[in-house]
Structure formats: C-alpha cells, structure tokens
Amino acid sequence: MLMVMGKQNTGPGYWRAAQDKLELFERNPSEPAPPFRLSGGWVALWVFLLLFGGLMAYLGIDSLQTGRPTRRGESVSSSWIFVILGLFLMSVPIWHYPQIRKDWGRQYPRMTVTGSGVNFHVMVTPLSLAWEDVRGFRVERTGRRDKLVADLNSPHPNPEKKGPAQVTSFTDISCIEPHSTAYVLNYLRTGVAARAAVGSLRSEAEINAIMASAAPAKR
C-alpha cells in the first residue's frame, strides 16, 4: 500500500547504504520530513469514535439516572460499562493525534538487499529471496493497481495460509513504486559487480540514479 493513514508516498523511494546492504525508504532519511499533513481517514475515524462513544456514554448515564437498564435482562449497574467504554472511545483522538504527530518523521526500511538476496519487511508475512532463486521481477496490472511480482526458478512454499502449498511466483509484493523497484532488483539480480558493491556510498548513488530514471513520469 503506497498510502497509509497520515503518510503518502512522494516518489520512487530512496536506497540508503548501510553495512553490506542497501535499504529502501520512502524518502531520504537524512533529509527533514515534509510538512505534517493529517490524513482525512484519521479525521473521519475520530469523528466516528467521538459520535459513537458519546452515544454510548449518554445511554449509560441515562440508564443510571433513570434506573432503566440499557439492554433488556441486564442490571442497571452494567450501564457503567457503557459509560466507561464511551468515554474511552471519545478520548482516543486526544491521545492518538500527538502520537501520529510524533511518528510523522519516522521511517522504516521497506526492503533490504544484500549480496545474497532481498528481504521484504512490510508484508503480512515477511519474505526473503536469494538471488539465485529468482528468475526475474516484473510488474503486473490488477484492477487499477500495479503490483510487484517475483517469478521463481522453482516452486517455493507458499507463505500465505491459503491456496496451493507451493507457488512459482510471489505476487502483490509490498513496495514503494513497483516499476522502478522491479528495474533495480533485476539490475542487482543480474549484476554480480553491483551486488558485490552493495553497502558502499557509490552503490547508494548508483542505485538511486537508476531508481529515479526507471520511475514512470508523474501525471
């Protein structure tokens, strides 16, 4: 997913060199974070929690004042649960907003490449592939989305708990920009010299230049 609550992808991503590896981030971690922008999804969720929590608290308080249980067959004392739960739901935006604001500039690597393979970190089931196990990376169009696909040289165990026990391709791999990511991964898969230099500042500059040139133009 390229957009998450409160954060939006701003380009093909940035590969940063570390010890014997390259890590892919949404942007250059050394640069300041972009201006904070609150996602409309969070606002909608908070409004819902305020309204729903307020309703629950009102029903609980009304039950305690009138002596009528909120639900048939229950005692009036159970209305305290409505009050407590309603107040908790109403408090969520108060403590959640500062947390989102604090986490705005933090980044975590989406994937890591080394001389031996590539690791995808943000998938439901983390995925690690050795270069010799991959026939190639490509982009597959599904609906309105472009998805990164890894074609394998031989069947591998299916990391998902559904479908066949073994698969010959891993589909819908989570990444930042699938076209440029596929290009970079294929470049590293076939380039022994490029893989040997992974982790150097030179490789960081080279891979980022390749990533930017392979990214589709913004419309």
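Where is the place of Ser-180? Ser-180 sits in helix α3, residues 178-190; helices here are DSSP runs of H or I with at least four residues, strands are E runs of at least two, and both are numbered from the N terminus.

Before I go on, a quick word on what we're looking at. This is a predicted model, where local features need pLDDT of at least 70, side-chain atom pairs count only at pLDDT 80 or more, and totals for chains, interfaces and linings use all residues. Residues are numbered from 1 along each chain as its sequence is written, and side-chain values use heavy atoms, with hydrogens and water left out.

Okay, back to Ser-180. Ser-180 is buried, because its relative accessible area is 0%; buried means under 20%, exposed over 50%, and partly exposed in between, with a 1.4 Å probe and protein chains only. Not counting residues up to four places away in sequence, Ser-180 touches Pro-12, Met-211, Ala-214 and Ala-215, where contact means heavy atoms within 4.5 Å.

Now over to helix α1, which covers residues 40-66. At its start, a side-chain oxygen of Ser-39 comes to within 3.1 Å of the backbone nitrogen of Gly-41. How far apart are the end C-alpha atoms of α1? They're 39 Å apart, which agrees with the 39 Å that its 27 residues should span at 1.5 Å a residue; the expected span is 1.5 Å times one less than the number of residues. After α1 comes Gly-67, with a positive phi near 85°.

Which way does α1 face? Its buried residues, among them Trp-42, Trp-46, Leu-49 and Gly-53, pack against α2, residues 79-103.

Last stop: Glu-140, in strand β8, residues 134-142. At 28% relative accessibility, Glu-140 counts as partly exposed. Leaving aside neighbours within four places in sequence, Glu-140 is in contact with Arg-145, Asp-146, Lys-147, Val-149 and Thr-171. And how does Glu-140 sit relative to Trp-95? The two are 45 residues apart in sequence and 40 Å apart in space, C-alpha to C-alpha.

That's the tour, thanks!

Methods: Polar contact = N/O pair within 3.5 Å; in protein donor to acceptor, adjacent residues only side chain to side chain.
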